[in-house]
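This report describes a structure for a reader who has not seen it before. Please look at the sequence and the model first.

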Amino acid sequence: MQFLGYVSWRLLKAAALLVAVISLNFLLIRMVPGDPATVIAGESGMADADFVARIREIYGLDQPLLVQLKTYLVNTLSLDFGHSYRLQTDVLALIIERLPATIALTGAAFIFSLVVGVSLGVIAGSRPGSKVDVAIQFVSVALYSVPVFWIGLMLILVFSLKLHWLPASGTGFEYGQIPGVLEFLSHLLLPMITLSLFYIAVYIRLARTSVVDVTHQDFVRTAKSKGLPSAFILRKHVLPNAILPVVTMAALQAGHLVSGSIAVETIFAWPGIGRLGYEALVQRDYNMLLGVFLVTATMVVLLNLVADVLYVVVDPRIELVR
Amino acid sequence: MLEIEKLSIVLPSGADRALAIKDVSFSVKSGSTLCLVGESGSGKSVIGQAVAGLLPQTLHCLKQSSIRLGGRNLLSLDECAWRRIRGREIGMVFQEPMTALNPLMPVGQQIAEVYRSHGLRLRKAEVRDRVEGLLERVGIKDPARISKSYTFRMSGGQRQRAMIAMAVAMKPKVLIADEPTTALDVTTQRQVLDLLADFQAETRMALIFITHDFGIVADIADEVAVMESGNLVEFGSKEDVLARAQHRYTRKLLAAVPRLHEHKASVAERSTPVLEVRGLSKTYGVATSIFRRQDMRVLNDVNFKVCKGEVVALVGESGSGKSTIAKCLTRLTSIDTGSIRLDGADMLSLKGEALMKLRRKVQIVFQDPYGSLNPRQKIVDAVSAGPIAQGVASREARELAEHLLTIVGLGRNALDRYPHEFSGGQRQRIGIARALAAKPEVLIADEAVSALDVTVQAQILRLLADLRDRLGLTMLFITHDLRVAGQVSDRIIVLKAGNVVEEGPTQAIFTKPSNQYTYSLLQAIPGISSNESALVRNKCVC
């Protein structure tokens with residue numbers, strides 16, 4: 001009961017947060033110099049004052065800002081994200097169409113970076129000062145320092161253009177046909193690795209430090225004094241404690257991944273919402289941009305919610321209080 | 001049974017000395033208790049770790065060293081053989097039961113691991129029965145529930161009992177207990193000591209008890225080994241060491257032990273109360289679920305007075321509310337009901353500038369000399385910050401700081417140094433100088449000597465007594481240690497669960513306590529449970 005109460009309380013908070021995000025996004029966009037009406041008019045090639053005024057009227061841009069905000073909030077909450085001026089489609093429909101690609105990419109990258117990063121970090125942290133540790137730390141620093149777009153381009157250069165092992169772009173869903181699982185995975189591999197590398201570096205460092213810290217704690221000495229084998233101590237005593245900071249970090253990074261995917265989606269022509277948002281930004285497609293912001297924000301809030309709930313599960317010390 | 005010969009342990013280069021342990025030899029017989037005594041840094045814990053094969057990787061033993069258990073030299077064992085000895089033949093109990101247990105694993109499971117790691121093939125139900133039986137054996141009342149509990153839901157005493165259960169699960173031949181009662185209340189300490197003695201009588205194990213407390217030595221030791229910076233300076237039977245200590249260091253340690261019944265008459269002018277606490281109550285809200293908060297009363301209608309020039313000791317176990325009183329008096333926390341009057345003025349109604357003025361008058365010295373000084377602040381700034389905030393010119397404040405540091409026994413060269421350059425005792429002197437800088441009417445010492453070694457503790461207590469004579473300080477001395485209270489105070493107030501249960505002149509409290517709880521506290525003090533114990537009888541040796 002207490003647990004359910006906690007989850008519903010957090011859900012309520014998350015909903016309130018989203019409403020705040022929607023309003024803030026809306027106001028931020030309105031603060032950008034430039035009038036949407038003139039942009040639309042410019043797009044249509046008719047910039048005379050009458051036309052602009054008519055556009056203002058049609059789109060409700062002549063109303064006071066707060067009224068516009070109210071309209072926007074009501075529409076958004078009833079899942080009407082509006083119409084893209086440029087692409088002449090419904091914003092929500094397009095986002096829904098593009099969302100699975102982003103979820104597949106970021107989800108795969110998230111899991112891949114966690115598994116690889118934490119494993120390497122634990123291997124390094126359980127034998128600090130060894131050659132393996134030094135090597136892993138070197139890799140971590142290298143991955144941390146190299147820019148994402150450069151790695152992406154290099155991977156394309158080596159694995160697609162030279163070796164012809166993997167496709168350089170797209171998902172395999174283009175041209176209306178449905179690819180096989182292997183086909184899709186071969187498309188996913190390079191962008192996923194590109195997006196993961198930075199986070200792998202972060203998790204290596206975090207997991208390593210955390211394992212080293214926990215190894216020096218008293219209860220590990222106690223476990224040793226009981227005569228437990230060291231592999232058992234690492235698995236049962238060190239890891240559960242060392243993983244806690246990684247969970248916290250992973251929750252924060254999960255939201256980060258979505259924004260990180262903008263660059264990767266652009267490099268690999270991956271048809272996700274990252275690229276959609278980037279294009280909307282360049283073309284001043286406000287409704288589309290707001291829609292992408294909102295969906296991204298919702299994902300971040302949801303992921304943090306999941307992390308909070310997960311934290312209660314992995315750490316019994318978290319008292320369920322307001 | 002356990003023979004240590006020529007044990008020398010090398011410290012990494014750059015340490016303050018080359019050897020952590022220098023050529024130490026002694027032996028412990030089955031069924032007997034050896035107390036390993038010394039101050040922090042003396043190497044007593046390192047010996048314990050060496051015997052249990054738990055030396056940190058940075059330390060290693062010299063070649064000629066040997067630790068023999070049943071004929072084998074433990075130091076020549078490989079990790080695999082060590083693993084079979086640890087937990088089965090040598091058990092270990094650590095000082096801090098909170099950190100010595102895994103916070104994410106129920107304690108029952110942590111105890112069950114001992115059986116599993118030593119190859120006992122038991123069915124689940126058997127393991128559960130054994131674990132619960134063991135928990136019951138160490139005096140845990142609800143073993144089935146505690147077995148499934150995490151450590152953060154257990155009291156300090158329960159944790160240490162669980163720790164002991166873990167260490168004795170395989171009935172080891174040797175048990176090493178490294179300050180196992182230092183983190184516990186005096187009554188809990190008494191119970192844990194009794195429990196260990198009980199087990200020893202039952203299993204005839206050899207007990208190596210590492211401690212800094214001569215009271216405990218007087219209670220439980222058969223033999224005593226005194227360590228000073230890595231050297232074994234004295235070894236002998238308890239009677240010999242306590243009554244006829246040969247080495248000057250042992251005599252110095254013994255002299256530093258706070259004693260009961262050793263008090264001079266009060267010098268306070270009893271007429272004018274400086275501090276008057278009336279009907280003080282304080283409740284903390286504790287959340288029991290997301291929608292419910294339960295109120296926990298930490299102070300319940302507390303009344304007392306402190307007169308000018310008087311030292312009053314506030315004594316109680318953890319959770320008795322003594323530190324909450326300190327926080328209320330310094331206005332660091334709010335108060336539910338009641339009044340606090342300082343020099344007749346109501347302290348609680350003050351705000352803003354008047355409150356600032358008041359803060360000057362009540363100063364506090366905290367328990368932890370490490371945590372209570374800002375590590376990036378020079379000593380002179382730490383000491384003069386108070387006066388400067390009160391409007392003293394910075395040049396004058398510096399002179400004042402210099403003067404005060406001299407008074408507390410530190411030279412003027414302390415002024416421009418940082419806290420990490422000082423020892424715990426020196427830091428506590430700085431803390432006292434800082435408190436005195438404000439020229440307080442009342443000085444509150446909140447467990448100010450609890451974290452210190454016994455000789456350092458004695459020095460700080462002497463300093464406080466001296467300051468009191470010279471400056472006519474009025475002091476509220478908060479402590480859990482009745483021996484310390486007995487040494488410094490004119491009057492003692494005994495607190496239990498937020499209530500004042502007894503109050504009276506120090507001498508009277510010690511000789512004729514009228515409250516049962518005070519009596520049990522007195523009885524629990526190690527070294528005086530039998531009033532004729534060697535320590536008390538021979539208090540004039542030094």
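## Chain B as a whole

The model is predicted. Chain B contains 21 helices and 21 strands. Its C-alpha trace extends over about 70 × 55 × 45 Å along the principal axes. A compact globule of 542 residues would have a radius of gyration near 24 Å, and the 25 Å of chain B agrees with this. Of the 542 residues in chain B, 46% count as buried. Among the contacts in chain B with a separation of 6 or more, 69% are between residues 24 or more positions apart.

## The domains of chain B

The domain assignment divides chain B into domain 1 (30–44 + 81–256) and domain 2 (306–538). Their C-alpha centres are 32 Å apart. Where these two domains of chain B meet, domain 1 gives 21 residues and domain 2 gives 19 residues. On the side of domain 1 of chain B that touches domain 2 of chain B, at least two residues each come from helix H8 (186–203), helix H9 (214–220), helix H10 (238–243) and helix H11 (248–256) of chain B. H9(B) has the largest share of that side, with 5 residues. By class, that side of domain 1 of chain B has 8 nonpolar, 5 polar and 8 charged residues.

## Two sheets in chain B

One open sheet of chain B has 6 strands in the order S7-S8-S9-S3-S10-S11, and its pairing is mixed. Which strands stand at its edges? They are strand S7 (90–93) and strand S11 (231–237) of chain B; each has a single partner strand, so one side of each is left without a neighbour in the sheet. Neighbouring strands of this sheet are turned by 15 degrees against each other on average, with direction ignored. S7(B) pairs with strand S8 (residues 174–178) of chain B in the parallel sense, over 4 bridges. In this pairing, B:Ile90 has B:Val174 in S8(B) as its bridge partner.

Another open sheet of chain B is built from 6 strands in the order S17-S18-S19-S14-S20-S21, again with mixed pairing. Its edge strands are strand S17 (362–365) and strand S21 (499–505) of chain B, which pair on one side only. From one strand to the next the twist averages 20 degrees. Strand S18 (residues 442–446) and strand S19 (residues 474–479) of chain B run parallel and are joined by 5 bridges. B:Ala445 is placed opposite B:Phe477 in S19(B). Helix H16 (residues 424–436) of chain B packs on this sheet and touches S17 and S18 of chain B. The direction of H16(B) makes about 175 degrees with that of S17(B).

## Contact between the chains

The contact between the chains involves 26 residues of chain B and 24 residues of chain A. Helix H2 (79–85), helix H3 (97–100) and helix H4 (107–117) of chain B each give at least two residues to the side of chain B that touches chain A. The largest share of this side, 3 residues, belongs to H4(B). The residues on this side of chain B comprise 14 nonpolar, 6 polar and 6 charged.

Is H4(B) largely enclosed or left open? Of its 11 residues, 9 are buried, so H4(B) is largely enclosed by the rest of the structure. The buried residues of H4(B) include B:Val107, B:Ile111, B:Val114 and B:Tyr115. The helices of chain B against which the buried residues of H4(B) pack are listed here.

| Helix of chain B | Residues |
|---|---|
| helix H5 | 124–137 |
| helix H6 | 143–147 |
| helix H7 | 156–168 |

Just after H4(B), B:Gly119 has a positive phi of about 75 degrees.

## The domains of chain A

For chain A the domain assignment gives domain 1 (2–77) and domain 2 (92–314). The C-alpha centres of these two domains of chain A lie 32 Å apart. In the contact, 14 residues of domain 1 of chain A meet 13 residues of domain 2 of chain A. Helix H1 (2–31) and helix H2 (36–44) of chain A are the elements that give two or more residues to the side of domain 1 of chain A that touches domain 2 of chain A. H1(A) gives the largest share of that side, 11 residues. That side of domain 1 of chain A has 11 nonpolar, 2 polar and 1 charged residues.

Methods. Residues numbered from 1 in each chain as written. Chains lettered and ligands numbered in written order. Predicted model: local features only at pLDDT ≥ 70, side-chain atom pairs only at ≥ 80, totals over all residues. Pairing = 2+ DSSP bridges. Axes fitted to C-alpha atoms, helices over the stretch in contact; angles between N-to-C directions. Domains from an automatic or database assignment. Contact = placed C-beta atoms within 7 Å. Nonpolar A, V, L, I, M, F, W, Y, C, P; charged D, E, K, R; others polar. Rg over C-alpha atoms; globule rule 2.2 N^0.38 Å. Buried ≥ 20, exposed ≤ 12 C-beta atoms within 10 Å, placed from the backbone.
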